[in-house]
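Here is a friendly tour of the structure shown below. Keep the viewer open as you read, and follow the topics in turn.

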Amino acid sequence: MKLSTKHLLGIKDLTKEDIQLILSTASNFKDVLQRPVKKVPSLRDVTIVNLFYENSTRTRISFELAEKRLSADTINFTASGSSAAKGETLLDTVNNILSMKVDMVVMRHSASGAPHFLAKHIPAAIVNAGDGINEHPTQALLDAFSMQEKFGSLEGLKVAIIGDIMHSRVALSNIYLLKKMGAEIIVAGPPTLIPKYITEALGVKVEYNLKKALQWCDVANVLRIQLERQNQPLFSSLREYNLSYGVSRKLLESLGKEITIMHPGPINRGVELDSDVADGPYSIVLNQVENGVAVRMAALYLLSPQTT
Amino acid sequence: MKTILSEQQIALTVKRLAHQVLENHLQLKDTVIIGIQPRGVFLSDKIVDELKQIVPPSSVQYGKLDITFYRDDIRKELHVANKTEIPFSIENKNVVLVDDVLWTGRTIRSALDALLDFGRPAKVELCVLIDRRFSREFPIQPDYVGRAIDTIVSQKVKVFWQERDDKECVDLI
């Protein structure tokens, strides 16, 4: 029983069996997290560095908790306040850390492909915690886990991914994963935020009318507007975005059906998601966060170093 | 290849093991049965069925314990995890751990670690169908034994269960 890859760089490299193995192992770890002792000794001989070159709350805490629940030793690195600020290269930083006998690297970086580059040059297992606008594999896995928990299976599930598809690594990882697991996908948002050839490239349907997309789907995964990655104005104002593409309670009530709302966080309340939806009965946002720890435990456990 | 226990012998042995457990724990007061996943559960299922014939079924507390994340050979090989279900507290209880074959003792070592994460039992006992007496690697001994056998390392003991293998017997290969 093994994953087909040595690293978790993206969902793109995983097989359907890999994804199933991670999800089923995550379910075992979720059980562990409900116990009085929420900890297993599996990785007590493993040291993991969390390299965060980009800001993060949920992902960083979630990874660190996952590592601690597996009994691994952890060290945290954030770019600000480190020698990266003095001009040390990524490879130098990582090699220096690895020379102190570190076994695994969890990395978030603003440059797409940074973990792939690292994987070519260092021996340690790498888990991508988000690279630029490319992939965020553990987020897609925890989204899938949460959907599977709610609906039983991903096969045939109708998922609408809504908002800033262009700049979202969550969208790309989710699309790869859901396609591999047999779900149907629509991406919805303003034309300026949806890549032009996405249908040809990824085989997803595009819908510019939010209400139609919501009416079609079982689950809406609403994404954050990534203003920090938008170098030019792509819509006129946040207010206008909210009016055309914000998910509001009124809109949900007008659908005549119940759909499940997901969001990877952090939420721009009142922009892509209104507060009464985010905190409402159909939202599973906090379940996603809870499941994140179990899913990351599974990924780290399955990628942990083997001696033979 | 040699058959150590036939289907009929397994049935008799299970009956005897159940009675021996009862002998020490009358009416199963403060006693719980926990089968070790995945293979010990076939045996513990049968022992529990037997116990329920003798004492009121409601007095039999039965759980299943998975030890995958507690193994000491994770760096050599990863195993598929199974479900742990212990729907009661083991605090101050007598726990009877059940597994099919006791050999090196490493599984039981892991099981003790896993078990203690659920509370502090008053006492832990071990019940096995087959005790391979040689090649023990830990100071662990069973309290209830179906059949004790002496084997060399190159031999294999294989337990077949009706539910999974369509036949029930223990073979020495």
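Two residues are in contact here if their C-beta atoms, placed from the backbone, lie within 7 Å. With that in mind, please note that this is a predicted model. In it, 16 residues of chain A are in contact with 13 residues of chain B.

**Where chain A touches chain B**
- On the chain A side, helix H1 (residues 16-33) of chain A gives the most, with four residues.
- That side of chain A has seven nonpolar, six polar and three charged residues.

**The two domains of chain A**
- Chain A is divided into domain 1 (11-135 + 289-303) and domain 2 (137-288).
- Taken over C-alpha atoms, the centres of these two domains of chain A are separated by 25 Å.
- Across their boundary, 24 residues of domain 1 of chain A are in contact with 23 residues of domain 2 of chain A.
- On the domain 1 side, H1, strand S4 (125-131) and helix H12 (285-303) of chain A each give two or more residues, and H12(A) gives the most, with seven.
- The domain 1 side divides into 10 nonpolar, seven polar and seven charged residues.

**The sheet of chain B**
- Five strands of chain B form an open sheet in the order S3-S2-S4-S5-S6, with parallel pairing.
- Strand S3 (61-65) and strand S6 (144-149) of chain B are the edge strands, each pairing on one side only.
- Neighbouring strands of this sheet are turned by 25° against each other on average, direction ignored.
- Strand S2 (residues 31-36) of chain B pairs with strand S4 (residues 94-102) of chain B over five bridges, and B:Gly35 stands opposite B:Val98 in S4(B).

Note on methods. Residues are numbered from 1 along each chain as its sequence is written. Chains are lettered from A and ligands numbered from 1 in the order in which they are written. This is a predicted model: local features need pLDDT of at least 70, side-chain atom pairs count only at pLDDT 80 or more; totals for chains, interfaces and linings use all residues. Ala, Val, Leu, Ile, Met, Phe, Trp, Tyr, Cys and Pro count as nonpolar, Asp, Glu, Lys and Arg as charged, and the others, Gly among them, as polar. Domain bounds come from an automatic or database domain assignment. Two strands pair if DSSP finds at least two bridges between them. Axes are lines fitted to C-alpha atoms, for helices over the stretch in contact, and angles run from 0 to 180 degrees between N-to-C directions.
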